[in-house]
Every structure is written in structure tokens, then in C-alpha cells.
Amino acid sequence: MGIEIRGGDAFKAKLQELVNFYPEVLDLALDDTADAISLDAQRMVPVDTGRLRASINVKRDYLTKVIGTNVEYAPHVEYGTQVQQPQPYLRPSFEKNKKRVAEFFKANL
């Protein structure tokens, strides 16, 4: 089980437009946004041993950024289990920072 957040169709269409005209700026905007999401997730994640917080990272490929963790219990923290309440940290971080891509473009074009 993993955690995956994807944008809606309108968001994807707008990103495709940006890829066609400004791929380098879009890649920088995605880097900036991924960094912000990752840092906020590290701040929001509940801490017991610190292992989950330390494992949150950004995998960077050109025009693709993946914020995640290799800790196997991460989805259980995010979504909860039958015995544990959810303690979302990644989804709220995404929601808080998803508009950064547009803000980055406004500031840098």
C-alpha cells in the first residue's frame, strides 16, 4: 500500500501547456514546490523515533518530482488503521503548497 496524490484533469492540462512552452521554468517550479511539500511534511509528521520524518525525501527527474518515504508504515500513519487514527502529513502538505507552481511562474516569467 502506498500514498499517491495526483492532480485533477484541469491541473494536468495546465501543466502540459507549461511543459510545451516553458519546460525549464516548470522543472524549477516543480523542484521548488516539491521541496516545500517535503519540508512541510517533515514538520507535520508525528514523531516517535524520528525515522519516518528523516525518511521523507524528494526523488527528482526532469519534469517529475516524487515526494515519499521508504518507511513501510508511512501509509498507516497517513491513513490510519483499524486500531490507529489517521495522522495525515503528506496530503495536507500537498494541499498547502500545490499553488506554488503557479506562484513560481508569476514571480519568474
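This is a predicted model: local features need pLDDT of at least 70, side-chain atom pairs count only at pLDDT 80 or more; totals for chains, interfaces and linings use all residues.

Which backbone nitrogen lies 2.8 Å from a polar atom of the side chain of E78? It is the backbone nitrogen of L90. I call this a polar contact, that is, a pair of N or O atoms within 3.5 Å; within protein, one must be able to donate a hydrogen and the other to accept it, and residues adjacent in sequence count only if both atoms are side-chain atoms.

Residues are numbered from 1 along each chain as its sequence is written, and side-chain values use heavy atoms, with hydrogens and water left out.

Let me turn to the overall arrangement. The chain has six helices and two strands; helices (H or I, at least four residues) and strands (E, at least two) are DSSP runs, numbered from the N terminus. Their order along the sequence is α-α-α-β-β-α-α-α. Of the 109 residues, 33% count as buried, where buried means under 20% relative accessible area, exposed over 50%, and partly exposed in between, with a 1.4 Å probe and protein chains only.

The two strands come next. Strand β1, residues 57-61, pairs with strand β2, residues 64-68, in the antiparallel sense over five bridges; strands pair if DSSP finds at least two bridges between them. D61 has T64 of β2 as its bridge partner. Two residues lie between the strands of this hairpin, and L63 takes a positive phi near 65°.

I return now to E78, which belongs to helix α4, residues 74-79. E78 is buried, at a relative accessible area of 0%.

S93 sits in helix α5, residues 90-97. Is S93 buried or exposed? S93 is buried, with a relative accessible area of 0%. A polar atom of the S93 side chain lies 3.0 Å from the backbone nitrogen of A41. Leaving aside residues up to four places away in sequence, S93 touches I37, D40, A41 and M44; contact here means heavy atoms within 4.5 Å.

These partners bring us to the packing of helices. Two packed helices are described by the angle between their axes and the distance between the axes. The axes of helix α2, residues 23-44, and α5 come within 8 Å and cross at roughly 140°. Axes are lines fitted to C-alpha atoms, for helices over the stretch in contact, and angles run from 0 to 180 degrees between N-to-C directions. That angle makes α2 oblique to α5: under 35 degrees counts as roughly parallel, over 145 as roughly antiparallel, 65 to 115 as roughly perpendicular, and the rest as oblique. Residues meeting here include T33 and A36 in α2, and L90 and F94 in α5.

Helix α2 also meets helix α6, residues 100-108, with axes that come within 9 Å and cross at roughly 130°. The contact involves, among others, V25 and L26 of α2 and F104 and F105 of α6.

Finally, R43 lies in α2 and counts as exposed at 63% relative accessibility. R43 and Y89 are 46 residues apart in sequence and 8.3 Å apart in space, C-alpha to C-alpha. Thank you.
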